[in-house]
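This report covers the salt bridges of one protein model. The sequence and structure come first, then the pairs and their surroundings.

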Amino acid sequence: MEFGTIEREIHIDASPEVVFDVVSSPEHLREWWPDEAEFPAVPGGEGRIGFGDCAHGGGTWMGFTVVEAVPPRLFSFRWTHQEGETAASDNSNLVVFALEPAGTGTLLRMSESGFRERGWDEAKVAAVYAEHTTGWDHYLPRLPTYAAKVGAGA
């Protein structure tokens, strides 16, 4: 298997402006993806995201670096690098959220790449790719419902 890029497309009943906010701001991300998120949503902005109970030592923090932020069309970031490391192609994965108007809503195209560039053996590449595929399949379906609520002012 290739294990190169995970790609998903999803239609969201909210404007590109709303969807951009929902995929780029820490307060919105925490509602549908990580349990914790701390970063400035500007190119080069460095921070971290956490899964699990990070406040009480039961979670996992990961580095998070914004690559591009072009409202309301594109938000990309590098993640999974060790906290405190500078994100690069050989120590992190690249996630891109590309947004385009679609009727009264937004078509979101998500891709995550960088698995092979990490220098891992085949078993590790396959395991991390499978873990991230399962993760996106769990979290992305939460995005449309939350974005629609935000768009409706709820």
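Glutamate 100 forms a salt bridge with arginine 109, their closest N and O atoms lying 2.7 Å apart. A salt bridge here is a side-chain nitrogen of Lys or Arg within 4 Å of a carboxyl oxygen of Asp or Glu. The model is predicted: local features need pLDDT of at least 70, side-chain atom pairs count only at pLDDT 80 or more, and totals for chains, interfaces and linings use all residues. Residues are numbered from 1 along each chain as its sequence is written, and side-chain values use heavy atoms, with hydrogens and water left out.

Arginine 109 also pairs with glutamate 9, at 2.9 Å between the closest N and O atoms. This pair links distant parts of the chain, 100 residues apart: arginine 109 is in strand β7 (residues 105-113) and glutamate 9 in strand β1 (residues 5-12). Strands are DSSP runs (E, at least two residues), numbered from the N terminus.

Relative accessible area sorts residues into buried (under 20%), exposed (over 50%) and partly exposed (in between), using a 1.4 Å probe and protein chains only. Glutamate 9 is exposed at 53%. Arginine 109 is partly exposed at 35%, and glutamate 100 is partly exposed at 35%.

## The Glu38 pair and the total

Glutamate 38 forms a salt bridge with arginine 48, with 2.8 Å between the closest N and O atoms. Glutamate 38 lies in strand β2 (residues 36-38) and arginine 48 in strand β3 (residues 46-51), so the pair ties together parts 10 residues apart in sequence. Glutamate 38 is partly exposed at 37%, as is arginine 48 at 22%.

The count by this rule is five salt bridges.

Definitions and conventions. Helices (H or I, at least four residues) and strands (E, at least two) are DSSP runs, numbered from the N terminus.
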